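Let's take a walk through this structure together, one piece at a time. Have a look at it first, and then we'll start with some charged side chains.

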Amino acid sequence: MSILGIDTSYANGAPAWQVALDDERVKFVYARASYGSNPNDNDGASFVNAHDACKSHGTPFLAYMFWLMGQDGQADNFLRAANGRFGLSVVVDVEEGSGVLG
């Protein structure tokens, strides 16, 4: 049995949340709040829209930060970007080679 959810960031544009959340297969949403320590690359309104849509629909929500190796201040940037909108949990997205210069 699979549990399906939505992973979203500003790169996904503006999802039709009402349609997505009405799909009985969607059990949760996690949305990117921040990217590294750069506040100019945070998800802003896209993150807030995802959070608010889930909250009003009653869909479990999780906030995530995209981690870049070797950057200080990432947790602080995430906390400012999420602004208390954490949902069920905080997730850290660490991908192979993220921020590694080589």
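Start with Arg32, Asp41 and Asp43, which are linked in a network of salt bridges. Keep in mind as you look that this is a predicted model. In another, Arg32 meets Asp43 at 2.5 Å. Arg32 sits in strand E2 and Asp43 in the loop between E2 and H2, so this pair ties together parts that are 11 residues apart in sequence.

How open are these residues to the outside? Arg32 is buried, at 8% relative accessibility, and so is Asp43, at 4%. Asp41 is partly exposed, at 23%.

The structure holds 3 salt bridges, and one of them joins Asp23 and Arg25, at 2.6 Å from N to O. Here Asp23 is partly exposed, while Arg25 is exposed, at 54%.

Now move on to helix H2, which runs over residues 44-57 and reaches 20 Å from its first C-alpha to its last. Ser46, Phe47, Ala50, His51, Ala53 and Cys54 are buried in H2. They span an arc of only 165 degrees around the axis, which puts them on the same side of the helix. Their cover includes strands E1, E2 and E3 along with helices H1 and H3. Turn to the other side of H2 and you'll find Ala45, Lys55 and Ser56 exposed. Just after the helix, Gly58 takes a positive phi of about 80 degrees.

Finally, look at the surface, where Met69, Val90, Val92 and Val94 form a nonpolar patch with about 320 Å² of accessible area together. Of these, Val90 belongs to strand E4 and is partly exposed, at 41%.

How values were computed: Residues are numbered from 1 along each chain as its sequence is written. This is a predicted model: local features need pLDDT of at least 70, side-chain atom pairs count only at pLDDT 80 or more; totals for chains, interfaces and linings use all residues. Side-chain values use heavy atoms; hydrogens and water are left out. Helices (H or I, at least four residues) and strands (E, at least two) are DSSP runs, numbered from the N terminus. The expected span of a helix is 1.5 Å times one less than its number of residues. Buried means under 20% relative accessible area, exposed over 50%, partly exposed in between (1.4 Å probe, protein chains only). The arc is that of the directions from the helix axis to the C-beta atoms. Contact means heavy atoms within 4.5 Å. Patches are made of residues with over 30% relative accessible area and no salt bridge: like charges are joined within 9 Å, nonpolar side chains (Val, Leu, Ile, Met, Phe, Trp, Tyr) within 5 Å. Accessible areas come from the Shrake-Rupley method with a 1.4 Å probe; for residues, only the protein chains shown count as cover. A salt bridge is a side-chain nitrogen of Lys or Arg within 4 Å of a carboxyl oxygen of Asp or Glu.
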